[in-house]
Amino acid sequence: MTETETIAYDVVVLGAGPVGENLADRTRAAGLTTAVVESELIGGECSYWACMPSKALLRPVIARADARRVPGLSQSVQGPLDAAAVLAHRNYYTSEWKDDGQVDWLESIGADIYRGHGRLTGERTVTVTAPDGERRVLTARHAVAVSTGSRAQLPDLPGLADIKPWTSREATSAQSVPGRLVVVGGGVVATEMATAWQALGSKVTVLVRGKGLLNRMEPFAGELVAEALNEAGADVRTGTSVVSVSRENGSVVVVTDRGDRIEADEILFATGRAPRTDDIGLDTVGLEPGGWLAVDDSLRVTGTDWLYAVGDVNHRALLTHEGKYQARIAGAAIAARASGTTTPASEPWGAHAATADHAAVPQVVFTDPEAAAVGLSLAEAEQAGHRVRAVDVEFSSVAGAGLYADGYRGRARMVVDLEEEILRGVTFVGPGVGELIHSATIAVAGQVPISRLWHAVPPYPTISEVWLRLLEAYRG
């Protein structure tokens, strides 16, 4: 194969994380030839440095916490976790950072894989530079889809690069437990990694610039998670910013705007994400490198008829499951347009519109307690102009919660649209609530009327009986 050989496909996908893989699956299912370009591991951030390794670290943490709340079992699980076994289990779930299985799957659906750095070099054209320097030019008859994801964004602090801070990648892939860990940030990565490493033996200090944790969820979610982290031994400090960092004799030294001096073995910055679009050739098609890509509900980039942006790069919902949902929608829209006989339907909740991105995004934070939410918070619903009412209940009112754990602490909220009598959002905080959120997602996405929810009978005695308590509280 020569350096300048040009190969034509129906679709070229830039990025082979879960989003790119799912999009390729949908276009191949529609009979479209598809090339997938990846510069790192097939399977992407989620498989090796985010969802899978983080949840593998957290699962034993949460299981032990749950067991400690069960009479007859609690005394048997008071000892420390076997950190080496937990890390080995995490390594297993990342396939030891090898992507053979993911490669096999992509090949099984008939997609062609190109390893190397892919850049747009004009309309419907991607040039791939392989690790050995060989170049291939891929052209797309119908669509190029950008699914390159996002990366950790570090603050502009003097000397930060010199101390080699952790980002989410190092936090999920570390092979030993640091004795002392400073976590900067109050979002999902910060709270989950603080939970995991504290339980594995680190002395964790969490520095949060804002008023509390998980500020994109209902306020009580962050309050309950912060309370539990403090009880577990972490030191959560809100309203605190980092003004300088350095390494002295191997230790990280952090100075805050309050004048506190904190020493640690490692420091994790979990302070936001940036799109991986700075070096993919956006300038060659009239777009600004390094920015988020605006799209319509079929995930087509604004102002184009051939370029799609799917997953984190469009900044609609930086969650793996939402990106995979977008990939299914985009794949269907690309196939419809490619057929030449079908115009993608733009109506909300149709086969070619990612409406859930606006109205029904679910998320679970795997802390102890878990925090899970879907749709709009009370503040978001009010800002959107809906006339709403928040209905709150404590999980202590649910028999199943008491059976699940002695002293079960948690809260549930549903945000009711008073004009349409449907749910705009639901939030659960408490042990095990991650498995409850899909019922709420169905209620929100399906716009199920309150009157019909009364006929969805929760089994007794399960934690899901919280739905009955919420409906009773709403009706009074």
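**View 1. Tyr-93 sits in helix 4 (residues 83-93).** Helices here are DSSP runs of H or I with at least four residues, strands are DSSP runs of E with at least two, and both are numbered from the N terminus. This is a predicted model: local features need pLDDT of at least 70, side-chain atom pairs count only at pLDDT 80 or more, and totals for chains, interfaces and linings use all residues. Residues are numbered from 1 along each chain as its sequence is written, and side-chain values use heavy atoms, with hydrogens and water left out. Tyr-93 is partly exposed, at 40% relative accessibility. Buried means under 20% relative accessible area, exposed means over 50%, and partly exposed lies in between (1.4 Å probe, protein chains only). Together with Met-52 and Tyr-92, Tyr-93 forms a nonpolar surface patch with about 340 Å² of accessible area. Patch residues have over 30% relative accessible area and no salt bridge; like charges are joined within 9 Å, and nonpolar side chains (Val, Leu, Ile, Met, Phe, Trp, Tyr) within 5 Å. Areas come from the Shrake-Rupley method with a 1.4 Å probe, and for residues only the protein chains shown count as cover.

**View 2. Four acidic residues form a negative surface patch: Asp-100, Asp-104, Glu-107 and Asp-112.** Asp and Glu count as negative, Lys and Arg as positive; His and the chain ends are not counted. Each charge is placed at NZ of Lys, CZ of Arg, CG of Asp or CD of Glu. Helix 5 (residues 100-108) gives the most to this patch, with three residues. Asp-112 belongs to strand 3 (residues 112-115). The relative accessible area of Asp-112 is 35%, so this residue is partly exposed.

**View 3. Arg-141 and Asp-10 meet in a salt bridge.** The N to O distance is 2.8 Å. The pair links distant parts of the chain, 131 residues apart: Arg-141 lies in strand 6 (residues 135-146) and Asp-10 in strand 1 (residues 6-14). A salt bridge is a side-chain nitrogen of Lys or Arg within 4 Å of a carboxyl oxygen of Asp or Glu. Side chains of opposite charge can pair when their charged atoms come close. Arg-141 is partly exposed at 46% relative accessible area, whereas Asp-10 is buried at 10%. Strand 6 also holds Arg-136. Arg-136 is buried, with 19% relative accessibility. In the whole structure, a search finds 35 salt bridges.

**View 4. Glu-248 and Arg-261 form a salt bridge, with closest N and O atoms 2.9 Å apart.** This pair also joins distant parts of the chain: Glu-248 is in strand 11 (residues 242-248), Arg-261 is in strand 13 (residues 261-264), and they are 13 residues apart. Shared partners join Arg-180, Glu-248, Arg-261, Glu-263 and Asp-265 into one network of salt bridges. Glu-248 is partly exposed at 40% relative accessibility. Arg-261 is partly exposed at 48%.

**View 5. Arg-124 has a positive phi of about 60° although it is not a glycine.** Most residues other than glycine have a negative phi, and most peptide bonds are trans. Arg-124 lies in the loop between strand 4 (117-120) and strand 5 (125-129). Its side chain meets that of Glu-123 in a salt bridge of 3.7 Å, N to O. Arg-124 is partly exposed, at 22% relative accessible area.

**View 6. His-315 is a non-glycine residue with a positive phi, near 65°.** The loop around His-315 runs between strand 16 (307-309) and helix 9 (320-339). His-315 is partly exposed, with a relative accessible area of 42%.

**View 7. A cis peptide bond joins Asp-368 and Pro-369.** Omega is about 10°. Pro-369 is in the loop between strand 17 (362-365) and strand 18 (370-375).

**View 8. The peptide bond from Tyr-460 to Pro-461 is cis.** Here omega is near -5°. Pro-461 lies in the loop between helix 14 (450-453) and helix 15 (466-475).

**View 9. Cys-46 is buried, at 12% relative accessibility.** Cys-51 is partly exposed, at 22%. The structure holds zero disulfides (a disulfide is a pair of cysteine sulfur atoms within 2.5 Å).
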